[in-house]
Amino acid sequence: MSLPDEFHEIAKRVNNWGRWGAEDEIGTLNLITDEVVREAAATVRSGRRVPLALPLRQDGVQTGMIPGRVNPLHTMVQINQELFGPGTVACSDDAVTMGLQAATHWDAITHVSHSGKIYNGRPAATITAHEGARFSGIDKPRHIVSRGVLLDVARALGKERLDGGHAVTPEDLEAAEELSGTKVRPGDIVLVRTGQMQLCLAGDNHGYAFPSPGLSVRTPEWFHARDVAAVANDTLTFEIFPPEIEDLWLPVHALDLVEMGMLQGQNWNLEELSTACGEVGRHAFLLSAMPEPFVGGTGTPVAPVAIL
């Protein structure tokens with residue numbers, strides 16, 4: 001089934017292909033300039049640090065719904081082994097097998113394709129079994145540090161957690177922006193809280209995955225108009241799931257990643273951050289969310305930290 005006209009019309013309005021040149025591989029991360037980072041650093045007042053990552057564990061958020069995306073399997077390969085002879089210093093080493101998008105992660109802009117294309121008009125066939133993503137792999141963004149803004153949609157709508165069928169709209173984002181007391185600016189990384197993470201933290205991984213609130217197909221235009229550098233939220237699927245438009249699966253992924261070249265983050269734990277922002281009365285902070293530089297990766301685990 002081909003993508004509907006409605007999708008293609010939005011795609012034309014948010015398309016960034018060629019905006020930073022034909023060779024560009026990092027998309028909207030170009031918006032994080034030195035000046036943006038200096039201004040982000042100026043938001044730090046107390047130095048309070050809030051971690052936003054889930055633990056990497058074998059009984060993590062993956063339920064098998066996404067083929068091949070396995071929770072971390074942690075194995076010890078050495079245990080107190082005296083490598084240099086009896087009585088020498090003993091070493092313990094371990095190894096992990098996991099899906100790069102198993103827990104808290106960034107999607108690279110090559111994570112999805114549509115109509116045979118990835119960001120900047122390159123062929124989707126440049127992603128291969130041998131090399132992974134030849135262009136725009138997750139190793140290309142060498143650093144992701146900027147001003148973060150929490151848009152606490154659940155709190156703005158007077159709820160602890162949005163209903164599973166709630167599609168977060170531009171109007172919802174604006175209500176949360178008003179609650180935040182700050183305007184989203186070019187180069188910002190926006191964190192959208194739905195409260196869905198509460199189910200995961202309570203051990204209900206199936207309920208966390210489905211049904212899930214998430215971003216509406218209308219939101220990419222809102223982020224595009226504000227020149228947002230990246231967006232992350234506290235759900236497994238990022239966008240509303242099941243989709244708001246019947247049989248149109250992952251349209252927000254395609255608009256954000258392919259058309260805009262904007263990174264997405266999923267499974268971010270925003271619960272402690274929501275409390276902290278409410279306590280200090282501000283929702284902007286320095287955000288460090290460095291990608292693990294897996295060459296050719298279409299995603300990466302990340303351990304983001306908000307610094308207030």
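Is the crossing of α1 and α8 right-handed or left-handed? Let me start there, and keep in mind that this is a predicted model. The crossing of α1 with α8 is right-handed. Two packed helices get described by the angle between their axes and by the distance between those axes. Here the angle is about 35 degrees, and the axes of α1, residues 5-14, and α8 are 10 Å apart.

Who makes the contact? On the α1 side you have Phe 7, Ile 10, Ala 11 and Val 14, and on the α8 side Pro 251, Ala 254, Leu 255, Glu 259 and Met 260. By class, that contact of α1 with α8 has 8 nonpolar residues, no polar ones and 1 charged. As a reminder, an α-helix has 3.6 residues a turn, so residues three or four places apart point the same way.

Now stay on α8 for a moment. How many of its residues are buried? For α8 the count is 10 of the 10 residues, so the helix is largely enclosed by the rest of the structure.

Next, the aromatics. The model has 4 aromatic pairs. Take Phe 210 and Phe 241: their ring centres are 5.9 Å apart and the planes sit at 75 degrees, so this pair is edge-to-face. The pair ties together distant parts of the chain, with Phe 210 in the loop between α6 (205-209) and β10 (214-215), and Phe 241 in the loop between β11 (230-233) and α8, 31 residues apart. Then look at Phe 241 with Trp 249: the centres are 5.7 Å apart and the planes are at 55 degrees, so that pair is tilted. Put together, Phe 210, Phe 241 and Trp 249 form one aromatic cluster.

How exposed are the members of this cluster? Phe 241 is buried at 16% relative accessibility. Phe 210 is partly exposed at 45%, and Trp 249 is partly exposed too, at 48%.

There's another thing to check at those two phenylalanines. Most peptide bonds are trans. Phe 210, though, is joined to Pro 211 by a cis peptide bond, with omega about -10 degrees. Pro 211 lies in the loop between α6 and β10. Phe 241 is joined to Pro 242 by a cis bond as well, with omega about 0 degrees, and Pro 242 lies in the loop between β11 and α8.

While we're on backbone geometry, most residues other than glycine have a negative phi. Where would you look for positive values in this model? One place is the loop between β4 (105-107) and β5 (127-128), where Ser 115 is found. Phi of Ser 115 is near 55 degrees. Asn 120 is also in the loop between β4 and β5, and its phi is near 70 degrees. Are they buried or exposed? Ser 115 is exposed, with a relative accessible area of 57%, whereas Asn 120 is buried at 12%.

One quick side note on Arg 122. Its charged end sits over the ring of Phe 135, 4.5 Å from the ring centre.

Last stop is Gly 296, in the loop between β13 (284-288) and β14 (299-301). Gly 296 is buried, with a relative accessible area of 8%. Which residues is Gly 296 in contact with, leaving aside its neighbours within four places in sequence? They are Glu 131, Gly 132, Ala 133, Gly 137 and Asp 139.

Start with α8, where 10 of the 10 residues are buried, and its right-handed crossing with α1. Then go to the cluster of Phe 210, Phe 241 and Trp 249, with the cis bonds from Phe 210 to Pro 211 and from Phe 241 to Pro 242. Finish at Gly 296 and its contacts, Gly 132 among them.

Conventions: Residues numbered from 1 in each chain as written. Predicted model: local features only at pLDDT ≥ 70, side-chain atom pairs only at ≥ 80, totals over all residues. Heavy atoms only, no water. Phe/Tyr/Trp six-rings, centres within 6.5 Å; stacked < 30°, edge-to-face > 60°. Helix = DSSP H or I, 4+ residues; strand = E, 2+ residues; numbered from the N terminus. Buried < 20%, exposed > 50% of the residue type's maximum accessible area, 1.4 Å probe, protein only. Lys NZ or Arg CZ within 6 Å of the ring centre and 35° of its normal. Axes fitted to C-alpha atoms, helices over the stretch in contact; angles between N-to-C directions. Left-handed = near helix turned anticlockwise from the far one by under 90°. Contact = heavy atoms within 4.5 Å. Nonpolar A, V, L, I, M, F, W, Y, C, P; charged D, E, K, R; others polar.
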